[in-house]
Amino acid sequence: MEGWKQMEFVNVIVAAAVAFGLGAVWYMAFSKPWLEVSGVARGPDGRPVNAGARPFVIGFIAILLVAGMMRHLLASAGLESVASGTLAGFGVGAFLITPWIALNAGYTGRPALLVAIDGGYATLACTVMGAVLTLF
């Protein structure tokens, strides 16, 4: 039983790492429009002033927490196939996280494009995490 628990912990870390890497690709692809609509302060070189490690550390911890909770939810629901994990992950991203992003954006007056970019990443990342969590 102990080896199973360790393997599940490794699965959570792998799922979070894959989702984090996907975020790097996603936000590089959408960096210009995201910077335009996000309101992130930029320096004279056009790069975000908070470009240090802190946002990435916080981001990884947040994704790790989501992956851990998704693993718990998938296990509690008895979802074991990659197809069911992928679909459940899509549901978490599209119907839990993205609406919350939209809620926050609506109250702060942020553009719909920001919701589309951030919500699109949340949906894609959760979909992939669901697949990875049920792959092993």
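Helices are DSSP runs of H or I with at least four residues, and strands are E runs of at least two, numbered from the N terminus. This is a predicted model, in which local features need pLDDT of at least 70, side-chain atom pairs count only at pLDDT 80 or more, and totals for chains, interfaces and linings use all residues. Residues are numbered from 1 along each chain as its sequence is written, and side-chain values use heavy atoms, without hydrogens and water.

**View 1. The chain has five helices and zero strands.** From the N terminus the order reads α-α-α-α-α. The C-alpha trace spans about 55 × 30 × 25 Å along its principal axes.

**View 2. Contacts within the chain.** A contact means heavy atoms within 4.5 Å. Take the contacts with a separation of 6 or more: 79% join residues 24 or more positions apart. Of the 136 residues, 31% are buried (under 20% relative accessible area; exposed is over 50%, partly exposed in between; 1.4 Å probe, protein chains only).

**View 3. A nonpolar patch lies on the surface.** Its members are Met7, Val10, Val14, Val18, Val82, Leu135 and Phe136. Together they have about 580 Å² of accessible area (Shrake-Rupley method, 1.4 Å probe, only the protein chains shown as cover). Patch residues have over 30% relative accessible area and no salt bridge, and nonpolar side chains are joined within 5 Å. A salt bridge puts a side-chain nitrogen of Lys or Arg within 4 Å of a carboxyl oxygen of Asp or Glu. Helix α1 (residues 2-29) gives the most, four residues.

**View 4. Phe136 sits in the segment after α5 (112-135).** Phe136 counts as exposed because its relative accessibility is 58%. Phe136 also belongs to the nonpolar patch.

Conventions. Patches are made of residues with over 30% relative accessible area and no salt bridge: like charges are joined within 9 Å, nonpolar side chains (Val, Leu, Ile, Met, Phe, Trp, Tyr) within 5 Å.
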